[in-house]
Structures are given as C-alpha cells and as structure tokens.
Amino acid sequence: MDNAAVHPILKEVASVFTRAGKQVYLVGGAVRDLLLGKEAKDWDLATDARPEEVIALFRRVIPTGIKHGTVTVRYKSNSLEVTTFRTESTYSDGRRPDQVNYAATIEEDLSRRDLTMNAIALSLPSGTTVDPFKGIEDIQNRRIRCVGNPEERFGEDGLRPLRALRFASQLNFTVDEATLAAIPGALSTTVRVSPERIRDELDKIISSDRPSIALLLMEKTGLLELILPELASCRGVEQKGFHRFDVLDHSLLACDYAARLNASREVRMASLFHDIGKPTVCRIDESGVRTFYQHEQVSADLARRIALRLRYPNALTERLVHLIREHMFHYEESWTDAAVRRFIIRVGEENLKDIYALRQADAFATAGIEGEPGFLAPLVSRVDAILAESRALSLKDLAVSGADLISAGVPKGPRLGIILKELLETVLDDPELNTREKLLEIAGNLNRRYTSP
Ligand code: ATP
Ligand code: MG
C-alpha cells in the first residue's frame, strides 16, 4: 500500500518502535478497512517487542490484557492496542486459548488469525503489506475464507463460524464454499462458547445494513437452530391474508427494513423477534383459517428468554419486551383524545418513535413492498397534537401530589395509590379538571366513598 495512505499518527508511533530496533505492523480490522477504502475504527498493532518493552517505550501505557501480550498505548489522544507477536495453540474448552506463546515473526502471528482478510499486516511506517494467505485477493473478490484449514480453525474456537457470517452481513461478502461447509461440523465447539461472545457477534449482525444475510447463512449451517432455536422454528409457519411470507422470512425482512430505517438496536431486535410466538400459538379454526391469538404476548415472553440467555442488559431487555408486547396497536379516527392519551401512556412517550418504526417494519415485511399502515400517519399527528398541548399524561403531571392528598386527609397506604390512579383517569378523560382545587375535591369524594361503610 502507498506510504501516503499511512496515517501520520501511525508513522510517529512506528518511529518510536523502529528507533528501538523493533518491528511494528498495523493488523486486523484496520488493515481490512483501509483496503476497502473505509476509515478504520480502531488501531491494532503487532510487534516483536515484549509488553514490558512497549511499556518502557511510551509514557502512557495501560496494561489492558498483559496476560495475552496486549497493552494499550495512549498517544496524542489516540488509543492503540499493541500486542506482541503470538501463536495460539490449544483451545481445550473451545472458548479461549489455554495459554499464549509468543511468536518470532509476523507471518506466524498472522497464521493464528481467523479469516484471510483479517490476516494481512501493514508494515509501519513503510506501508508495505504482508499477506501470506492472499487476503487482498479475497477482499478484491469479496470473499470470506478461513486462514488454513476451516475445520481445524473452527474446531479451535467455536466463535469463528459466527464471525465469518457476521462479516458476510457487514461487508456483503460471500462465504467461501469450504469455509461455509465446515460450519455444521463445528457446532459442537460453538455450543461451548460463552453467551457474551455470541451476543457481541449477534449484535454486530443486527447492527449491520443487511442482518438477513448472516441469519439465512446461520439457518443453512445450523447455527440459527443452535443460537436462536425460537427463530429457527418459524420456518415453514405459513400465514394467510395479506402475508406473502412464512414467519421466518417475514421476520428477516422486518429486521432488514428496520436496518434500512437506521432504527435502534431494540427496534431491530424487536423486528426480528416480534412474531416468534406464532409457531406456539398457531391454531386452525373451524373454517380452516390459521389464527395466532395473543402471539404478541408469547413472542414477548420468548424474546425475554432469548435476551436473558444471551446476557443482554436488563434495560434493553425490558424495552425489547415492551415493544414486542405493544406491536399490534391500531388506531381509528373515531378515537377520543382520551383514547389517544391512553395509547401514549401505554406505549410510553419515550418509546413512540420506536413503536412506529417497528410497525413500519412489520407492515413492510407483510407484503414486501414499501408503504406504511394507513393508520400510522393520522395517529402520529393526533399524538403529536396532544403532546404539543402537553396536558396531564402521567401521575407526575397531575396538579396534586401524593403528599397533597395526605395533607387533605387521605391515609397513607394502598388507597393513596388507587385514588391517584383514579385522578389520572379522570384527567385523561377531561384535562380541564387538572387543577389543584378540582382534584382535591374529587379526591375528597373518592376518599369518603372508601371510608363510608
Ligand atoms: P471489528 O473490530 O471491525 O469488528 P476486527 O477484525 O477488528 O473487526 P476484532 O474482534 O477487533 O475484529 O479482532 C481483531 C483481529 O484479531 C481480527 O481482525 C483477527 O485478525 C483477530 N481475531 C479476532 N477474533 C479472532 C478469533 N476468534 N480467532 C482468530 N482471530 C481472531
Ligand atoms: Mg477491531
């Protein structure tokens, strides 16, 4: 590669190594991204210097992964991960290398890497490439291929098959035949990979522009059945009416559409999982029509199970489950303002954009053609109008607080909560009543009703 393409910061850092008589290379995703003409997200360097030597060379070094030979160099507000050349020999648990052995050469270091496109090094500061596995050719052919023997490489680390498919989604590359064919035989190794590592790859798939590329390859190779069996069992579950696709293809289309909308991770996941309850609740009624009663609740429960299994953070899980549970909303022009306010409360003001996006994705994936549900635009404008008036929408918006009610004689305890909720219902029906005076009067009446025998 042209020396001019090497970032000035990398040249400066490299000169520190070369002055000390050490080799240093840019490796991993940064080289791949450079060759693809993309800006690198982060810089990984490989060197023959030992971690303690790197620590001695720079002023600010954080011993981030010293057990694995990695330190982080902070240089002029940049972070660089510097790892000593190494080989990784045995992975007896299929998760992590048992031990790290340092290697003598960059070629040896590259040979432990997963895919040819991730096994190219850029010598610094010159910019000369070291490419023993023809990774550059594979990048040019948009091909994902294992370094060396795919069965062996997948057998060493069961995450690699999922990484290969993740890159297929992120880069829209094809997976080499031999590499793809080695995946089914590696499933018994993938089972042992920690849920956190699986989750991080799944996240990258879901965050890509075309999640369905990896998900379909996962189905083909058995990874989907292994990691997301709930989704795999949506294959062949047909839906009638406006639906053109089975539940799995519908879910994949919805997820791709959410990606096209550049929606949040929660919306993308909700799009993928919003119908996973359908295989469970599918019934055929007297006239031979398939029904899926309460599928949103069952889908939400299954999504929670998946999120727990893959150790997703609680806050994300709760939002995901909520979006799926509420995804079947409807709207008609005849709704009163109170009904629109109840809709806003049920969904939550902070979730409105997400639930609209989910519904758009669901609608797109029903027929596979552009066009949101007809009721969405009128509902959005009703909601916006009501939010603009910003009238009472939650307990905290009431003109009285719990403390006010207590001073007015309502006893502390469950009754206080009941009365506050009734006041909220009252105000939802008639926002004019949201004044301190009126609400205290109503609360007094309610309180007497509860006290009188
Ligand atoms: P990105 O950071 O864009 O997701 P990346 O290729 O940089 O992609 P990282 O997980 O940051 O991926 O790993 C950096 C490099 O380490 C990879 O390019 C690859 O050379 C090597 N690598 C990462 N994970 C593995 C693995 N499981 N097996 C073998 N080599 C790996
Ligand atoms: Mg990286």
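## Backbone features in loops

Pro125 sits in the loop that runs between β8 (121-123) and β9 (129-130). In this predicted model, the peptide bond leading from Leu124 into Pro125 is cis, and its omega is near 0°.

For Asn262 the angle is near 60°, and for Arg311 it is about 60°. Asn262 belongs to the loop between α14 (247-260) and α15 (265-273), while Arg311 is placed in the loop between α17 (295-309) and α18 (314-325). Asn262 has a relative accessible area of 63% and is therefore classed as exposed, the cut-off being over 50%. Arg311, at 44% relative accessibility, counts as partly exposed.

## Ligand 1 and its shell

Ligand 1 takes up the space of the largest pocket. There are 16 residues around the ligand, and those that come nearest are Arg32, Lys41, Asp157, Arg160 and Arg166. Three helices, α2 (29-35), α7 and α10 (195-206), each supply at least two residues of the shell. The largest share comes from α7, which gives 4 residues.

Several arginine side chains have polar atoms close to ligand atoms. An N or O atom in the side chain of Arg32 is 2.7 Å from an oxygen atom of ligand 1. For Arg113, a polar side-chain atom is found 3.1 Å from an oxygen atom of the ligand. In the case of Arg160, the distance from a polar side-chain atom to a nitrogen atom of ligand 1 is 2.7 Å. On its own, ligand 1 has 580 Å² of accessible area, of which the protein covers 82%.

## Ser169 in helix α7

Helix α7 spans residues 160-171 and includes Ser169. The relative accessible area of Ser169 is 2%, so this residue is buried by the cut-off of under 20%. Its side chain reaches the backbone nitrogen of Ala214 at a distance of 3.0 Å. With neighbours within four places in sequence left aside, the contacts of Ser169 are Ile205, Ser208, Arg210, Pro211, Ile213 and Ala214.

## Helix α11 and Pro211

Helix α11 (residues 211-221) is largely enclosed by the rest of the structure, because 8 of its 11 residues are buried. These are Pro211, Ser212, Ile213, Ala214, Leu215, Leu217, Met218 and Thr221. After α11 comes Gly222, which has a positive phi near 95°.

Pro211 is part of helix α11 and is counted as buried at 0% relative accessibility. When residues up to four places away in sequence are not counted, Pro211 touches Ser169, Ile205, Ile206, Cys255, Asp256 and Ala259. Between the C-alpha atoms of Pro211 and Asp109, which are 102 residues apart along the chain, the separation is 31 Å.

## Arg382 in helix α21

Arg382 is located in helix α21, which covers residues 376-389. The side chains of Arg382 and Tyr331 are joined by a polar contact of 2.9 Å. Residues up to four places away in sequence aside, Arg382 touches Tyr331, Glu333, Trp335, Thr336, Asp337 and Val340.

Technical notes: Residues numbered from 1 in each chain as written. Chains lettered and ligands numbered in written order. Predicted model: local features only at pLDDT ≥ 70, side-chain atom pairs only at ≥ 80, totals over all residues. Heavy atoms only, no water. Buried < 20%, exposed > 50% of the residue type's maximum accessible area, 1.4 Å probe, protein only. Polar contact = N/O pair within 3.5 Å; in protein donor to acceptor, adjacent residues only side chain to side chain. Contact = heavy atoms within 4.5 Å. Near = heavy atom within 4 Å. Areas by Shrake-Rupley, 256 points an atom, 1.4 Å probe, with all protein chains shown as cover. 1 Å grid on protein atoms, 1.4 Å probe; cavity = no way out; pocket = protein on both sides within 12 Å on 5 of 7 lines; lining within 4 Å. Sits in = over half its atoms within 2 Å of the grid points.
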